[in-house]
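Welcome! Let's get to know a structure through a few questions, taken one step at a time.

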Amino acid sequence: MAESPHVILYTYFRSSCSARLRIALHLKSIRYSCKYVNLLRDEQHSAAYAAVNPSCLVPSLQILTKAGSCTTITQSIAALEYLEEQYPGCTPLLPPALDVAGRAHVRNLVGIIASDTQPVTNLRILSRVGLLGGAKEQWARELMAEGLAAYEQLSASSAGRFSYGDVVTMADACLVPAVWGAIRYGVDLGAYPTVKAIYEEMSKLEAVSKADWRVQGDTPEELRG
């Protein structure tokens, strides 16, 4: 029997991109260890971490084998796709291969969060908005609301318990951390009933509870709960 690889996740407790990978890893029951990168202490710009991820962002996913090979993935969606291809039998996070339209739909939903919403509301962008004199909380709140509105409209016709029927997909793994962020910035989820219902269903899952930003190894004590 082939040895299981050692999976390492470079993560930060409040990073939504890290959280989507934590959720996926738990959904697929893939054991992993964490290396914590404190973004507020600028650890992402250390020489050691830049050697892992030249973009100096989290997360990074490393897969180490007994034979000595190392695969490093520095984009969260590429990492989700890798996990889906490498571990297809462990809680699939895309619709079946024959459902081409469904797979495209799930990827559309992923893109709304991962391409349209998260990049313009992450820490490094908000820091720059603040330095330029902008109202960074309002910036984040409005853009998060726009992203959830688009997700609401696109998922309303496909949702069951989750974003695409009654089976969890990578779209749900991306949505949950986005909702965590939206709640933090005061976005009213009542305006997005489909999103709210999906989030509530996802919150019942052990994989999501384990991935919650409030219970991570690097979560400050005062924020735990």
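Q: Is Asp-42 buried, partly exposed or exposed?
A: This is a predicted model, and Asp-42 has a relative accessible area of 41% in it. Buried means under 20% and exposed means over 50%. A value of 41% therefore makes Asp-42 partly exposed.

Q: Where does Asp-42 sit, and what is its phi?
A: Look in the loop between S2 and H2 for Asp-42. Most residues other than glycine have a negative phi. Asp-42 is not a glycine, yet its phi is positive, at about 65°.

Q: Which loop holds Cys-56, and is Cys-56 buried or exposed?
A: Cys-56 lies in the loop between H2 and S3. Its phi is near 55°, a positive value in a residue other than glycine. The relative accessibility of Cys-56 is 13%, and the cut-off for buried is under 20%, so Cys-56 counts as buried.

Q: What is the omega of the peptide bond from Val-58 to Pro-59?
A: Pro-59 belongs to the loop between helix H2 (47-52) and strand S3 (60-64). Most peptide bonds are trans. The bond from Val-58 to Pro-59 is cis, with omega near 5°.

Q: What handedness has the β-α-β unit of S1, helix H1 and S2?
A: Helix H1 spans residues 16-27. Together with S1 and S2, helix H1 makes a β-α-β unit that is right-handed.

Q: How far apart in space are Pro-95 and Thr-169?
A: Pro-95 is in the loop between helix H3 (76-86) and helix H4 (100-117), and at 6% relative accessibility it counts as buried. Not counting residues up to four places away in sequence, Pro-95 touches Gly-102, Arg-103, Val-106 and Tyr-164. Pro-95 and Thr-169 are 74 residues apart in sequence, but their C-alpha to C-alpha distance is 7.5 Å.

Q: Which residues lie nearest the centre of the second largest pocket?
A: About 200 Å³ of space lies in the second largest pocket. Its lining has four nonpolar, three polar and three charged residues. Of the 10 lining residues, those nearest the centre are Ser-4, Pro-5, Ile-30, Arg-31 and Tyr-87.

Conventions:
Residues are numbered from 1 along each chain as its sequence is written. This is a predicted model: local features need pLDDT of at least 70, side-chain atom pairs count only at pLDDT 80 or more; totals for chains, interfaces and linings use all residues. Side-chain values use heavy atoms; hydrogens and water are left out. On a 1 Å grid over the protein atoms alone, a cavity is a set of points where a 1.4 Å probe fits but cannot get out, and a pocket is an open set with protein on both sides within 12 Å along at least five of seven lines; lining residues have an atom within 4 Å of a point. Grid points are joined across faces, edges and corners, and a volume is the space filled by probe spheres set on the points. Ala, Val, Leu, Ile, Met, Phe, Trp, Tyr, Cys and Pro count as nonpolar, Asp, Glu, Lys and Arg as charged, and the others, Gly among them, as polar. A crossover is right-handed if, with the strands pointing away from the viewer, the path from the first strand over the helix to the second runs clockwise. Helices (H or I, at least four residues) and strands (E, at least two) are DSSP runs, numbered from the N terminus. Buried means under 20% relative accessible area, exposed over 50%, partly exposed in between (1.4 Å probe, protein chains only). Contact means heavy atoms within 4.5 Å.
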